[in-house]
Amino acid sequence: MKLLYVVIDGMGDLPIEDLDNKTPLEFAEKPNMDFLASRGRLGLMYTVERGVAPESDVAVISILGYDPYKYHVGRGPLEAYGAGLEMKDGDLALRCNFATLGQNRQIIDRRAGRNLTTEEASRLADAVNRLVKLEAHPAEFEFRNTIGHRGVLVIRSRVGYSLSGKISNTDPAYERVAGLGVAKMDVKMILEDCIPLEDSEAAEVSAKLVNEFIWKSHIILDGHEVNGRRESEGKLKANVILTRDAGDTLPKFFNINERYNVRFACLADMPVERGIARLAGMDLIDLPPPSGDLVRDCIIRSEKLLEVLEKFDCFYIHIKGPDEPGHDGDYMRKTEAIAAIDRYFFGRVLPKIRLEETVICVTSDHSTPCNLKAHSDDPVPLLISGGEVKGDGLKNFSERECGRGSLGILERGTMLMPILMETIGAEKTS
Ligand code: ZN
Ligand code: ZN
């Protein structure tokens, strides 16, 4: 029995007055997900637990079956690992953004106008890697741009010294609360100094290295030809690299394939989800980065899945789309994103698979309610269908119907994976 475990980013929501008091999922035209719902079991899930509005990384760790309180080590290392950088304990890994720095440390745009192309970012990253030398400590670094304005940075000591992730963010939009990245409410758009968050030499050295990296790379970036051209085209310069979510260790996940005696593959495009999947022991299927056109991206993902379907037992498929309009409070665009995923992903996959031999789970990593424009702790909709699953007789895949389903309410995301493995008849080996 195969498993398609589809996680749709930020899909959960709350009723919206302008949508006849329906949620975007409830309002969206989604015949394929409704078909799965009508033959499946429904429920709701707190992806971490009640009271926690998680970031994606924490939530994904949890819904893949790893207790986030035990395994979470900060987003930087996960992103770096997912972007293909090597990282070992004692290396310092950070999530980065290209941004626009003006006079007096003022940040004009945290994302350099949000229109930096991957080609521009690659050329800038190349210059930084070639020309910046760190001297605060004998260290080398690797900076890699990932998607658009995003990037990752790994700093390694050349003398075997262990660096520390206990340092502050220089990106003013995020602060660190108990080691976890949290979006700040009122943001002063000033480039912050990186400061140690604990009284240790390692944290002090690490903060110094990050500050040195930021200022030396700023000089290179500000004078780079790519930025000269952007300026002449009336675009914002990508002349500074902001850092956040530092970490110095990788989580020690148990191997998901060995635990359940299956072969898992991951179809996800963002570095953080790829990093988590790679650490869990899944094979990463190559995907082009998101193109900004969800229809096109869904078609590519459906084709990729069908191409590798025979090679693996289980697939963790993470689809972006509804989260961003949720952050923008744009409920129509969120509704359209859900409909596009239904039509161009599920609509193309379902006719090509044998449902009696395939269990399909559809859920979300967290809710991103349009009215809040942020992640919330509201439980996410959950459906398990196909295989030998007996349906609940409910017709509509929505938060409301899921509240009436036979799966009930899963109080923790870690409860889901054992249910899925039991449903496909996988044997737990330890
Ligand atoms: Zn998410
Ligand atoms: Zn989000």
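## The S5–S6 hairpin

Strands S5 and S6 form a hairpin with 4 residues between them. Glycine 148 sits in the turn and has a positive phi of about 60°. Strands here are DSSP E runs of at least two residues, helices are H or I runs of at least four, and both are numbered from the N terminus. This is a predicted model, in which local features need pLDDT of at least 70, side-chain atom pairs count only at pLDDT 80 or more, and totals for chains, interfaces and linings use all residues. Side-chain values use heavy atoms, with hydrogens and water left out; residues are numbered from 1 along each chain as its sequence is written, while chains are lettered from A and ligands numbered from 1 in the order written.

Strand S5 (residues 139–145) runs antiparallel to S6, joined by 7 bridges. Phenylalanine 143 stands opposite leucine 153 in S6. Strand S3 (residues 92–101) is also antiparallel to S6, through 6 bridges. Here arginine 95 has valine 152 of S6 as its bridge partner. Two strands count as paired if DSSP finds at least two bridges between them. S6 (residues 150–157) is mostly covered, with 7 of its 8 residues buried. Buried means under 20% relative accessible area, exposed means over 50%, and partly exposed lies in between (1.4 Å probe, protein chains only).

## The eight-strand sheet

An open sheet of 8 strands has the order S11-S10-S12-S1-S13-S14-S2-S15, with mixed pairing. Its edge strands are S11 (283–284) and S15 (408–410), each pairing on one side only. S2 and S14 pair in the antiparallel sense over 5 bridges. Leucine 42 has leucine 383 in S14 as its bridge partner. In a regular strand, side chains alternate between the two faces of the sheet.

Helix H2 (residues 31–38) has buried residues Asn32, Met33, Asp34, Leu36 and Ala37. What covers them includes strands S1 (2–8), S2 (41–45), S13 (358–363) and S14 (380–386), along with helix H13 (331–349).

## Zinc ion, ligand 1

The protein donors of this zinc ion are Asp9 (OD), Ser56 (OG), Asp365 (OD) and His366 (NE2), at 1.9 to 2.2 Å. Donors are N, O and S atoms within 2.8 Å of the metal (3.2 Å for Na, K and Ca); water is not among the atoms, so sites may look incomplete. The site is tetrahedral, with angles of 99 to 133° among its 4 donor atoms. Four donors count as tetrahedral if all angles lie between 85 and 135 degrees. The ideal angle for four tetrahedral donors is 109.5 degrees.

The donor residues are spaced D-x46-S-x308-D-H in sequence. Serine 56 lies in helix H3 (residues 56–63) and histidine 366 in the loop between S13 and S14, so the pair ties together parts 310 residues apart in sequence. Serine 56 counts as buried because its relative accessibility is 6%. Histidine 366 is buried too, at 1%.

Aspartate 323 is buried, with a relative accessible area of 12%. Histidine 375 counts as buried at 13%.

## Nonpolar cores

The largest nonpolar core has 49 residues, and Tyr5 and Phe264 have the most contacts inside it. Helix H10 (residues 271–280) gives the most to this core, with 5 residues. A nonpolar core is a set of buried Ala, Val, Leu, Ile, Met, Phe, Trp, Tyr and Cys residues joined through side-chain atoms within 4.5 Å. A second, separate core of 38 residues includes Ala125, Val128, Phe141 and Ile241.

Tyrosine 5 touches several residues beyond four places away in sequence, among them Ile63, Phe315, Cys361 and Leu416. Contact means heavy atoms within 4.5 Å.

## Histidine 72

Histidine 72 lies in the loop between helices H4 (68–71) and H5 (75–82). At 16% relative accessibility, histidine 72 counts as buried. Its C-alpha atom is separated by 8.6 Å from that of leucine 250, 178 residues apart along the chain.

Key:
Four donors count as tetrahedral if all angles lie between 85 and 135 degrees; four count as square planar and six as octahedral if opposite donors are over 155 degrees apart and all others between 65 and 115; anything else is irregular.
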